[in-house]
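Hello,

Here is the structure I said I would pass on. Please open it first, then read the notes below it.

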Amino acid sequence: MNNTLLRKLVPALSLLILSLGLAVLSPYFLTVDNLFAIGLQMAVVAIMAIGEMMIIITAGIDLSVGSVMALSGIIATQAMTHHLGVYPAILLGILIGGLGGWVNGVLIAKGHLPPFIATLGTMGIARGLALIFTNGVPVFGLPKSFEFWGGGHVFRVIPVPLVVLTVLAVLGHILLAHTRFGRYTYAIGGNTEAARLSGIPVGRYLIWIYTLAGFLYGIAGIILASRLSTGQPTAGTGYELDVITACVVGGASLSGGEGQILGAMVGALIMGVIRNGSNLLDVSAFWQQVLMGSIIIAAVFADQYRRKNNHF
């Protein structure tokens, strides 16, 4: 087994070992109800991780992910309370997410701002707008039919958020692995200047990538608002850490040029299993934050060590 294949298998092996350990420590862990609960917990983060993974592959980063998600949910739920209709309101919320991503892309590609600074700014703007539009008060009084997208089941068994996640993950994988868009995404992350000299319209593709990620944040915002049955202006606070950690744990390199959608899914699942296991073992939320921060430091350290020594 070569080093590249072994490195790709590390996240899956980590998930397996983690699951086996929790199964021994808690007999409730492997029950069907708990596994579906893990799936629901990780679905929102995993959908956003698809977009974040594409951005990280270009050697970028998006800190506005949680705030754009919250703003999308707020706009959609407020539109419903103003009788726009469930599906037009959902579409509006997703478009708001795309608009947030487009702004990020323009600031980075045309304004030449570092991704960290650009998305840090839009993180504050999106969160501020969500609070301004609601005066800091959650949006209630949503139509009953809206609950389907966060709490419904397909064939009365499979939660709708997991079906949405599966469809988006498959489409994301096809886009990255089998299209020119994907090849250009990896080329930009591998060496931006070389990609530009090769004739790739780097700026245009960066705008498309950030916009696509914004649409995914919008979809995640709709699903979370549906699950909560409210529009929460503070929803998604701190999600940027979970989403970025899921991508890095799933094999993405913050230096760009590496990463897969399947890795992001495994990384998000690891995050979900850790949170679920911590709750089952009665680990406090404060220590869970310490654990998540430690995981991303360890994952980035391992990536930097591998790159420096050019081996696994």
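**Overall fold**

Among contacts in the chain between residues at least 6 apart in sequence, 78% join residues that are at least 24 apart. Please keep in mind that this is a predicted model. The chain's secondary structure consists of 13 helices and two strands.

How does the radius of gyration agree with that of a compact globule? For 312 residues, a compact globule would have a radius of gyration near 20 Å, and the chain has 19 Å, so the two agree. Along the principal axes, the C-alpha atoms fill a box of roughly 55 × 55 × 35 Å. Of the 312 residues, 49% count as buried.

**Helix H12**

Helix H12 covers residues 261-280, which is 20 residues. From its first C-alpha to its last, H12 reaches 28 Å, close to the 28 Å expected at 1.5 Å a residue. Buried here means under 20% relative accessible area. By that cut-off 15 of the 20 residues of H12 are buried, so the helix is largely enclosed by the rest of the structure. Just after H12 comes Asp-282, which takes a positive phi of about 65 degrees.

**The second largest pocket**

H12 turns up again here. The second largest pocket holds about 370 Å³ of space. It is lined by 17 residues, and the closest to its centre are Gln-41, Val-45, Tyr-239, Asp-242 and Arg-275. Which helix supplies the largest share of this lining? That is H12, with five residues. At least two residues each come from helix H2 (32-57), H10, helix H11 (239-249) and H12. By class, the lining of this pocket divides into eight nonpolar, six polar and three charged residues.

**The cavity**

Rolling a probe the size of a water molecule over the atoms shows where empty space is left. The count comes to one cavity of 30 Å³ or more, and about 50 Å³ of space lies in the largest cavity. Helix H3 (65-81) and helix H10 (202-228) are the elements that give two or more residues to its lining. H10 gives the most, with four residues. Among the lining residues are Met-69, Ala-70 and Gly-73, as well as Gly-221, Leu-224, Ala-225 and Leu-228. Thr-230, Gly-231, Gln-232 and Ala-235 also line the largest cavity. How many charged residues does this lining have? It has none: six residues are nonpolar and five are polar.

Regards

Conventions: Residues numbered from 1 in each chain as written. Predicted model: local features only at pLDDT ≥ 70, side-chain atom pairs only at ≥ 80, totals over all residues. Heavy atoms only, no water. Expected span 1.5 Å × (residues − 1). Buried < 20%, exposed > 50% of the residue type's maximum accessible area, 1.4 Å probe, protein only. 1 Å grid on protein atoms, 1.4 Å probe; cavity = no way out; pocket = protein on both sides within 12 Å on 5 of 7 lines; lining within 4 Å. Points joined across faces, edges and corners; volume = space filled by probe spheres on them. Nonpolar A, V, L, I, M, F, W, Y, C, P; charged D, E, K, R; others polar. Rg over C-alpha atoms; globule rule 2.2 N^0.38 Å. Contact = heavy atoms within 4.5 Å.
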